[in-house]
Amino acid sequence: MTSPLPSPSRVLATARRVLRQLAHDPRTIALLLLVPVLLLVLLYYVFDADRTAFDPIGAALLGIFPLTTMFLVTSIATLRERTSGTLERLLAMPLGKADLILGYALAFGALATVQATLATTVAVWALDLDIAGSTWLLLLIALLDALLGTALGLFVSAFARSEFQAVQFMPAVIFPQLLLCGLFAPRDSMQPVLEAVSNVLPMSYAVDGMREVLQHPEVTADYVRDALVVGGSAALVLAVGAATLPRRTT
C-alpha cells in the first residue's frame, strides 16, 4: 500500500521523468521560455513614443505572462499523460497522488524558475524597466506567479477530457483574473462587487506585488502580504489537486 506521505525519491524520479519528456519537445520549451519575452519586447515597442508608459504595465505583465503560459502548458501536458494511460499506470505502481503532483510541480517549477528569470532579466536590463526596488523582489513575485500557473494547470487538468477542453479552461480561470487584477483599471475604482471578487483572486496580488517593487525601494508590508497570498494560493491549489486527482482514466 502506498504511503499517503510523499517520498522525496519518488517525487524526484517523477520530476526527472517529466523533464526528460519535455526535453524532447522543443516547441513546448520555446512556448515556455521565449513567448513571454517576445511579448514584453513587443509591448515595449508598442509604447515606443512614451517609454515611461511601459513601466507599470510591463511590471504587471511580468507576473501575468508566466502564470498564463505555465497554466496552459502544464494543463495540456498533464492531460496528455492521463489520456494516454501513463498516469493510470504510474498510479498503479507504489506512487501516491502527492508524489505525482509534487513531482510535476517540481519539474514545471524548475522551468518556471528559468522562465521568470529570463523574462525579468530582459525586462530590467534590456528593456530598461525602471523599478525602485530590488530586481530579486520582482523575480520572486514572477516566480511565485509561474508556480501558481503550474498549480492551476495541474488542478484543471483533472476536469478536462481532451486538450481542447484544457484550453477552454483558460477563459474561465485566467481571463476573469486578467480583467479584474487592476491591469486595465484600478481595482478600487471598480463596482463594489467586482472589487470584492478581485480581492480574492491571486493574480490581483501578483500585480500589486509587482507595483510595490516598481514604486518602493524597500520591502513593504503590502509586498510581503502579496507574496504570501500568491505563494499560499499555489500551495493550496496543489493540495486540492492532489486530493482530487483521479486514479483512473475515464
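Predicted model: local features only at pLDDT ≥ 70, side-chain atom pairs only at ≥ 80, totals over all residues.
Author: Residues are numbered from 1 along each chain as its sequence is written, and side-chain values use heavy atoms, with hydrogens and water left out.

Reader: What makes up the secondary structure of the protein chain?

Author: Twelve helices and zero strands. Along the sequence the pattern reads α-α-α-α-α-α-α-α-α-α-α-α. Helices (H or I, at least four residues) and strands (E, at least two) are DSSP runs, numbered from the N terminus.

Reader: How many of the residues are buried, and what does buried mean?

Author: Buried residues make up 51% of the 250 in the protein chain. Buried means under 20% relative accessible area, exposed means over 50%, and partly exposed lies in between (1.4 Å probe, protein chains only).

Reader: Why is Val 11 called buried?

Author: Its relative accessible area is 11%. The cut-off is under 20%, so Val 11 counts as buried. Val 11 is found in helix H1.

Reader: How do you know that the span of H1 is close to the expected one?

Author: Helix H1 (residues 8–23) has 16 residues. The expected span is 1.5 Å times one less than the number of residues. That gives 22 Å expected, and H1 reaches 22 Å from its first C-alpha to its last.

Reader: What puts the buried residues of H1 on the same side?

Author: The buried residues are Val 11, Thr 14, Ala 15, Arg 17, Val 18 and Leu 22. They cover an arc of only 160 degrees around the axis, so they sit on the same side of H1. The arc is that of the directions from the helix axis to the C-beta atoms. Pro 8 and Ala 23 are exposed on the other side of H1. An α-helix has 3.6 residues a turn, so residues three or four places apart point the same way.

Reader: Why is H2 called oblique to H6?

Author: Helix H2 (residues 26–33) and helix H6 (residues 97–126) pack at about 45 degrees, with their axes 9 Å apart. Angles under 35 degrees count as roughly parallel, over 145 as roughly antiparallel, 65 to 115 as roughly perpendicular, and the rest as oblique. The angle of H2 to H6 is therefore oblique. Axes are lines fitted to C-alpha atoms, for helices over the stretch in contact, and angles run from 0 to 180 degrees between N-to-C directions.

Reader: Which residues make that contact of H2 with H6?

Author: H2 brings Ile 29, Leu 32 and Leu 33, and H6 brings Leu 111, Val 114, Gln 115 and Leu 118. Contact means heavy atoms within 4.5 Å. Six of these residues are nonpolar, one is polar and none is charged. Ala, Val, Leu, Ile, Met, Phe, Trp, Tyr, Cys and Pro count as nonpolar, Asp, Glu, Lys and Arg as charged, and the others, Gly among them, as polar.

Reader: What makes H2 and H3 oblique to each other?

Author: The axes of H2 and helix H3 (residues 35–46) cross at roughly 40 degrees and come within 4 Å. That angle makes the pair oblique. Ala 30, Leu 31, Leu 32 and Leu 33 of H2 meet Val 35, Pro 36 and Val 37 of H3. The classes are seven nonpolar, no polar and no charged.

Reader: Why is H2 called roughly antiparallel to H4?

Author: H2 and helix H4 (residues 54–83) pack at about 160 degrees, with axes 9 Å apart. An angle over 145 counts as roughly antiparallel, so H2 and H4 qualify. Thr 28, Leu 31 and Leu 32 in H2 meet Thr 69, Met 70 and Val 73 in H4. This contact has four nonpolar, two polar and no charged residues.

Reader: Why does Asp 128 count as exposed?

Author: Its relative accessibility is 53%, so Asp 128 counts as exposed. Asp 128 lies in the loop between H6 and helix H7 (135–157). Its phi is near 60 degrees, a positive value in a residue other than glycine.
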